[in-house]
Amino acid sequence: MTEGNVFKFGDNVDTDLIIPARYLNTSDPAELALHCMEDADPTFAGRVQSGDVIVAGANFGCGSSREHAPVAIKAAGVACVVARSFARIFYRNAFNIGLPILECAEAESVPTGSRVRVDLDTGRITVVGTGQEYQARPIPPFMQAIVTAGGLIPYVIGRAEAGK
Amino acid sequence: MPQTVTEKILAAHAGKEYVEPGELISAKVDVLLGNDITAPLAIREFERVGVPVFDPAAVVMVPDHFTPNKDIKSAEQAKVMREFARRHDLPNYFEVGRMGIEHCLLPEQGLVGPGDVVIGADSHTCTYGALGAFATGVGSTDLAAAMALGETWFKVPESLKFVYTGKLGPWVGGKDLILHAIGEIGVEGALYCAMEFCGPVIENLSLDGRLTMCNMAVEAGAKNGIIAADDKTDAYVRGRARRPYRVFASDPDAGYKKVYEFDVSDLEPCVACPHLPDNVRPVSRAGDVKIDQVVVGSCTNGRMDDLRLAARVLSGRKVHKNVRMIVIPGTQEIYLQALKEGLIETFIVAGAVFSTPTCGPCLGGHMGILAKGERAVSTTNRNFVGRMGHPESEVYLANPAVAAASAIAGRIAGPEEVS
């Protein structure tokens with residue numbers, strides 16, 4: 001369970017908006033976080049707090065395969081991204097680096113500026129105060145395990161060590 | 001059981017008779033690709049696992065995005081990749097001076113062949129579908145895991161079939177065919193799917209044109225673009241391929257999620273207006289759009305066909321005084337061929353700059369960044385907000401003939417307007 005403020009974005013938020021290529025001469029997560037969402041909302045990096053939630057429309061993360069995009073979002077403190085749909089490489093990358101993301105058909109109706117509680121186990125999103133609820137597709141348990149481990153590589157290392 | 005070409009390649013690499021859309025499989029990978037932006041992250045993850053590279057010859061690394069290095073940070077990134085390549089004895093590391101834009105370089109060097117499974121930590125890895133391969137973009141972590149294991153998991157995509165019929169107009173090519181399709185289905189029209197291109201127009205299209213088409217499949221959200229290998233593919237691959245290859249074709253009764261049929265006889269050259277590749281209209285309806293810069297190049301349109309086409313339009317003419325035109329060959333071999341054919345002279349006499357191979361301007365990296373309020377016509381693949389520089393600049397995507405004509409006119413123009 002996580003709770004945070006909602007930052008709303010529209011459809012087709014591309015990877016250049018999430019982290020412009022001009023900052024890709026580094027892969028340091030802390031540095032990438034400083035420029036997260038910069039070309040969509042220059043104030044985002046300054047306002048986002050640990051536990052906050054990005055809510056967006058269709059095709060979130062379209063464009064480049066740059067893993068720097070989910071890395072920047074995670075390093076900025078975002079607890080999860082909820083969108084109507086995700087671009088496929090971004091979807092894979094997010095889990096691989098341990099950023100939980102949820103597909104929710106009603107993502108657009110989550111109120112701007114609201115605060116939400118997100119249950120990653122069940123996919124239930126609750127607006128704090130009004131109690132309004134939205135149901136996202138739950139994350140399969142093995143993918144939750146990848147997120148909990150901190151990404152695919154720590155997950156694989158952990159599994160290998162457990163098997164020894 | 002009837003299958004599509006994509007399904008057959010995936011089945012063969014998963015050690016199965018057949019696969020079905022939606023099925024999760026583990027498949028062997030023939031080629032793994034990284035570049036100077038994505039490889040450093042992959043290397044960091046790979047080294048945490050602490051195993052050797054499963055097959056050094058299968059891993060291809062190309063410094064092409066910020067190279068020749070634009071600053072100290074990008075030099076440090078390129079160095080990470082260079083040292084990794086040396087440490088693991090990778091025969092397919094291509095240094096500046098012998099390199100090219102990755103998706104132009106790999107087919108040219110015979111590193112990809114029909115029937116291969118290719119993953120690359122670059123979204124435009126789907127380019128190699130033009131050779132009848134299954135090729136898809138992944139992130140750095142997936143590349144890292146596959147460098148260790150030699151295989152990766154895939155969800156078998158549903159296939160969309162695009163049948164092109166009719167006769168192409170004189171200035172219409174692969175770029176227009178793919179822009180037209182993206183304009184019709186939208187930037188998420190092929191989300192999680194394979195885009196299979198076929199029909200008489202595709203059969204007549206050059207390999208360069210086919211590579212352009214498959215390159216942009218990802219702009220419709222596709223997992224891969226693919227054109228089944230035919231005699232033209234064979235003629236291209238023969239003599240280049242470094243490994244044996246295997247040709248697959250879709251069964252006539254294979255299952256498709258949807259079939260699109262386009263009669264393209266009346267298709268004009270297309271322009272994708274800001275800020276999405278699906279904002280497509282015919283060049284004659286682009287309006288009076290003054291421009292500041294033109295870029296001909298990139299993994300989309302930096303091949304010989306493209307340079308020849310741009311040079312044909314520019315020959316004996318001058319780039320407009322208010323326009324900066326940048327021409328970038330896809331590889332060193334293309335550079336040399338352009339030199340031999342006199343194309344470079346045509347570009348320079350016309351007032352264009354001719355560069356070493358680099359992805360630089362396409363992603364707003366270096367060598368052609370736009371200032372606030374500036375507009376570019378570019379043969380590249382994306383026109384997202386801030387793609388080529390300032391978030392308040394604009395990119396219009398077009399084929400090389402339209403790009404060259406626009407450079408002459410100082411505004412978006414079709415080649416017929418300047419000839």
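Tutor: Start with a salt bridge across the chains. In this predicted model, Glu31(A) pairs with Lys73(B), and their closest N and O atoms are 2.3 Å apart. The count of salt bridges between chain B and chain A is 3.

Which elements of chain B supply its side? Those giving two or more residues to the side that touches chain A are helix 2 (39-49), helix 3 (72-87), strand 6 (134-137), helix 5 (140-149) and strand 7 (151-155) of chain B. By class, that side of chain B has 20 nonpolar, 14 polar and 12 charged residues.

Now the extent. On the chain B side, 46 residues are in contact, and they meet 37 residues of chain A. The area buried between the two chains is about 3400 Å². Carbon and sulfur atoms give 54% of that area.

Next, a helix within chain A. Helix 6 of chain A spans residues 141-149, and its buried residues are Met143(A), Gln144(A), Ile146(A) and Val147(A). Why do they count as one side? They cover an arc of only 155 degrees around the axis, so they sit on the same side of helix 6 of chain A. What do they pack against? Their partners are helix 5 (88-97) and helix 7 (152-163) of chain A. The face turned away from the buried side of helix 6 of chain A carries the exposed residues Pro141(A) and Thr148(A). After helix 6 of chain A comes Gly150(A). The phi of Gly150(A) is positive, near 100 degrees.

Last, a loop residue in chain B. Thr67(B) lies between strand 3 (59-62) and helix 3 of chain B. Is Thr67(B) buried or exposed? Thr67(B) has a relative accessible area of 2%; the cut-off for buried is under 20%, so Thr67(B) is buried. What surrounds this side chain? A polar atom of the Thr67(B) side chain lies 3.4 Å from the backbone nitrogen of Asp64(B). Leaving aside residues up to four places away in sequence, Thr67(B) touches Asp36(B), Val96(B), Met99(B), Pro357(B), Thr358(B) and His366(B).

Definitions and conventions. Residues are numbered from 1 along each chain as its sequence is written. Chains are lettered from A and ligands numbered from 1 in the order in which they are written. This is a predicted model: local features need pLDDT of at least 70, side-chain atom pairs count only at pLDDT 80 or more; totals for chains, interfaces and linings use all residues. Side-chain values use heavy atoms; hydrogens and water are left out. Contact means heavy atoms within 4.5 Å. Buried area is the accessible area (1.4 Å probe) that two parts lose on being put together, summed over both. A salt bridge is a side-chain nitrogen of Lys or Arg within 4 Å of a carboxyl oxygen of Asp or Glu. Helices (H or I, at least four residues) and strands (E, at least two) are DSSP runs, numbered from the N terminus. Ala, Val, Leu, Ile, Met, Phe, Trp, Tyr, Cys and Pro count as nonpolar, Asp, Glu, Lys and Arg as charged, and the others, Gly among them, as polar. Buried means under 20% relative accessible area, exposed over 50%, partly exposed in between (1.4 Å probe, protein chains only). The arc is that of the directions from the helix axis to the C-beta atoms. A polar contact is a pair of N or O atoms within 3.5 Å; within protein, one must be able to donate a hydrogen and the other to accept it, and residues adjacent in sequence count only if both atoms are side-chain atoms.
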